Amino acid sequence: MKIIGTGSALPHLVVTNDDLSKFLDTNDEWIRTRTGIQSRNILSTDTITELAIKACQDCIKNAGISVSDVDYILCHTIIYDAIIPGLSTFIQDELGTDCPTLDLNAACTGFIYALDIADSLIKAKKAKNILIVCAEETSRFVDWTKRETCVLFGDGAGAVVVTEGGEDCKFRLKTQHTDALICGANYGNSPFNKVENSEPYLYMKGRDVFKLAVLNSIRDMEHVLKLAGKEFTDVTYFLLHQANMRILDAIRSQLALSEEKFPHNIEHTGNTSSASIPLLLDEMNKTEQLKEGDVLVLSAFGAGFTSGACYLKWGK
Ligand code: ACO
C-alpha cells in the first residue's frame, strides 16, 4: 500500500496561550515549557464537517485523482454533529460519490487503525483507492474551565489517499483498557434506565498517560521495524502523534536519536488527536520535505489505551 495524496484543513480562529490566560489561570510559560504548544486552531463559525470536506477535497486534488476514483471512505472522528448518520456520509454527499463509507473511533490512534483497515481492504481486493480522513473537534470534549486539559488540544482535519502497490506496510496495533483518559457520554432519558448522564468532558490522568504513551510507542515501533527487517537507524522520519512535546522528547531521548528524525508541528496545532499525524504528513508533503524512498515510522497512542505503529516507504 502507498500514500499518493495528502490534505488538511484547520479552523480559521487561532488561539494563543496568552488568549487562554485571559479567562484561565494559566500562562504561556507553563503551557510552552510542559507541552511545547504556543497556539492552536479552534472551531468557531466553521464546523468539523466543513473542515473534513476541505481536507478531503485538498487530498483528492493532491493525489491527482478524481472523486469517482475513490472507492472507499474511512472517516475517523471522536465527536461531531450527529451520532447517526456518520460524518463519512456527510463527506460523501458533499464530494458527490456513492462509494462505501465507514466511521471509526480509536481515539488518538485512529489514523494508524484506519491505515491498517485500508491495507486489509486493498489486500482483499475490496477497494483500490481509499480516502482516509481524520477530523477532530477536540474543543468540544474538553472542559474550558479545566486548565489541566483544555490548553493541550486543538481542532483540525487531515486526510490521505492510499492505493495498491509500493512496499508492504507493517503494522502493530494494541489496546489495553485504562481509565487514564475518559470522556463521558449522554445516557439519554429512558424511563427504564436511571443512570445519571455523566460529565461529557475529558478527564485525564496526565502522568499515567505520559508513561503509557512512551512505553507503548517505543514497543510498537520496535515491533514494526522487526517485521520490516530494519533498524531505528534505517528510518528517515518518525512521525509521532503530536500529543505533547515532552512525550516526543522522552521517546526520542530513550531511543538516543537526533531531533531531525522527529518532525513536529504541535507548537501551532496543539493536540489534534487522530488528525495530528495526517496534518504533519500533509505539511511535510506540501513543503517537499518527503523524498521518494524515505522510510517512515508512524506511531500514535491514546484513550483506550490504544496504541499503534506503521512502517511505510514514502513514494508515489
Ligand atoms: N497552567 C498552569 N498551571 C497548571 C496548568 C495550566 N494549564 N495545568 C495544571 N497546572 C498546575 C497544576 O494545578 C499543578 O499545580 P499544583 O502543583 O499547585 O497543584 C501543577 O501545574 C502540576 O500539575 P500536573 O497536572 O501535575 O502537571 P504535570 O507536571 O503533570 O504536567 C501535563 C501536566 C503537561 C499534562 C503532563 O502530565 C503531561 O505531559 N502528560 C502527558 C499527557 C498528555 O500530554 N496528554 C495529551 C492528551 S492525551 C493524548 O493525546 C494521548
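**Entry 1: around the ligand**

I looked up what surrounds the ligand and counted 24 residues. The closest are T26, R147, R207, N244 and N271. I note that this is a predicted model.

I sorted the shell around the ligand by class and found twelve nonpolar, six polar and six charged residues.

I checked the side chains for N or O atoms by the ligand's oxygen atoms. In H241, such an atom is 2.9 Å from a ligand oxygen. For N244, a polar side-chain atom also lies 2.9 Å from an oxygen atom of the ligand. For R246, I read 3.3 Å between a side-chain N or O atom and a ligand oxygen.

Next I looked up cover. On its own the ligand has 1000 Å² of accessible area, and the protein covers 75% of that.

**Entry 2: where the ligand sits**

I asked which pocket the ligand takes up, and the space is that of the largest pocket. I then listed the elements that give two or more residues to the shell: α2 (28-35), α6 (147-150), α7 (206-228), α8 (245-255) and β12 (295-302). α7 gives the most, with four residues.

I looked up the space in the largest pocket and got about 1300 Å³. I found 49 residues lining this pocket, and the closest to its centre are F141, F153, L181, L202 and M204. Elements giving two or more residues to the lining include β5 (101-104), β9 (181-183) and β10 (202-204). α7 has the largest share of the lining, four residues.

By class, I noted 27 nonpolar, 13 polar and nine charged residues in the lining.

Definitions and conventions:
Residues numbered from 1 in each chain as written. Predicted model: local features only at pLDDT ≥ 70, side-chain atom pairs only at ≥ 80, totals over all residues. Heavy atoms only, no water. Near = heavy atom within 4 Å. Polar contact = N/O pair within 3.5 Å; in protein donor to acceptor, adjacent residues only side chain to side chain. Areas by Shrake-Rupley, 256 points an atom, 1.4 Å probe, with all protein chains shown as cover. 1 Å grid on protein atoms, 1.4 Å probe; cavity = no way out; pocket = protein on both sides within 12 Å on 5 of 7 lines; lining within 4 Å. Sits in = over half its atoms within 2 Å of the grid points. Nonpolar A, V, L, I, M, F, W, Y, C, P; charged D, E, K, R; others polar. Points joined across faces, edges and corners; volume = space filled by probe spheres on them.
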